[in-house]
Amino acid sequence: MRWIILVILAAWSLCAQDAGTSTAVFVEKQEQKDYRLGAGDVVAISVLGIKDFDRAVPISNSGRMHVPYLGVLSVAGMTLDQLREEVGRRLRERGLLKNPWVQARVVDYRAHTVYILGEVLMPGQYVLKQDMYMMDLVSLGMGMNSVTSRTVYLYRQKPPAPAGVKPAVPENPYDVMAIDLQEVLNGKRPDLNIRLRGGDILYCPERKATYFYAVGDLNRPGAVEMPQNESVLVSRAISLAGGPSRTAKMSKSFVLRYDESGARQQLPVNFKKVLAGKQPDFVINPNDVIFVPGSSVKTLAYGILGIVPGVAQGVALVP
């Protein structure tokens with residue numbers, strides 16, 4: 001009889017390998033080892049040899065649950081391993097079993113919630129289940145909409161201060177992590193796909209539009225919105241502004257830029273050489289002003305003052 005069983009097991013193993021799978025497929029997903037039980041969770045406890053234990057019991061709002069033969073136990077904050085140990089210990093103390101084999105699992109997660117807010121299709125509160133990561137929560141929120149910022153923010157409650165320690169100034173109860181969502185989606189930063197904890201809040205703000213300004217002999221001068229998640233080279237910036245007119249002096253253009261200290265930079269651009277690959281192309285920053293002179297410097301000056309008031313005050317124009 002034994003050899004028949006071994007043959008059946010060997011044949012089943014070969015079939016599983018041929019199907020490109022393994023026995024792990026048939027095993028229930030491993031529980032989250034540090035998951036803490038809380039009010040509302042429904043827990044099933046079973047003890048080998050005692051049928052009365054084979055039942056699912058909800059945890060009350062006070063964090064307690066009734067366990068057959070043992071009465072009411074305070075289980076809020078325990079992990080499943082701790083609950084198994086506690087039930088086994090009490091069974092031994094009462095002389096019910098010498099070496100109890102205890103199993104416990106969560107059949108319905110209700111205690112811990114996480115939140116996704118802001119520019120998602122279905123913002124709201126969701127129940128935290130086992131190993132749940134940031135992108136799982138994004139999926140529950142049905143994904144981002146067309147105006148979601150590339151950078152999202154994860155708010156997590158700080159651990160409580162040690163007993164007797166009181167901060168002089170009330171501090172923010174949350175730690176905040178800025179996460180580049182595009183880096184996660186591209187697979188470049190999988191470490192940013194954070195595993196969630198109860199009470200976590202994922203905030204997806206609206207993307208703030210950024211602009212550069214194109215002034216002078218162009219077909220569509222004015223403020224130009226920069227594409228999201230893309231770098232705009234100066235050669236492309238001209239096309240976004242409608243391209244040059246016939247009288248544009250493309251070889252005498254320049255970009256006006258202000259650094260963080262407010263100092264002004266004037267970067268000469270010869271678009272003919274840029275397009276020919278004889279002058280380096282470079283990235284346009286938000287609030288840059290591109291000047292493409294034409295036949296009239298006066299017209300250019302009025303254009304600057306009308307389109308970007310305050311930015312071009314005191315600009316020395318180069319003909």
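Two strands count as paired if DSSP finds at least two bridges between them, with strands (E, at least two residues) and helices (H or I, at least four) taken as DSSP runs numbered from the N terminus. This is a predicted model, so local features need pLDDT of at least 70 and side-chain atom pairs count only at pLDDT 80 or more, while totals for chains, interfaces and linings use all residues. Residues are numbered from 1 along each chain as its sequence is written, and side-chain values use heavy atoms, with hydrogens and water left out.

On that basis, the chain has seven helices and 15 strands. The accessible surface, from the Shrake-Rupley method with a 1.4 Å probe, comes to about 19400 Å², and carbon and sulfur atoms hold 54% of that.

Now for the three-stranded sheet. It is open and antiparallel, in the order S2-S1-S5. Strands S2 (50-58) and S5 (102-108) sit at the edges with a single partner strand each, so one side of each has no neighbour in the sheet. Neighbouring strands here are turned by 15 degrees against each other on average, direction ignored; axes are lines fitted to C-alpha atoms, for helices over the stretch in contact, and angles run from 0 to 180 degrees between N-to-C directions. Six bridges link S1 (residues 42-47) to S5 in the antiparallel sense, and Val 47 has Val 102 as its bridge partner in S5.

Helix H2 (residues 80-93) lies across S1, S2 and S5, at about 135 degrees to S5. Its 14 residues reach 20 Å from first C-alpha to last, close to the 20 Å expected at 1.5 Å a residue (1.5 Å times one less than the number of residues). Leu 80, Leu 83, Arg 84, Glu 86, Val 87, Gly 88 and Leu 91 are the buried residues of H2, and they pack against S1, S2, S4 (71-74) and S5. After H2 comes Gly 95, with a positive phi near 75 degrees.

A second open sheet has five strands with mixed pairing, ordered S12-S11-S15-S13-S14. Its edges are S12 (222-225) and S14 (264-269), each with a single partner strand, so one side of each lacks a neighbour in the sheet. S11 (residues 211-216) and S15 (residues 289-292) run parallel, joined by four bridges; Tyr 213 has Val 289 as its bridge partner in S15.

How values were computed:
Contact means heavy atoms within 4.5 Å. Buried means under 20% relative accessible area, exposed over 50%, partly exposed in between (1.4 Å probe, protein chains only).
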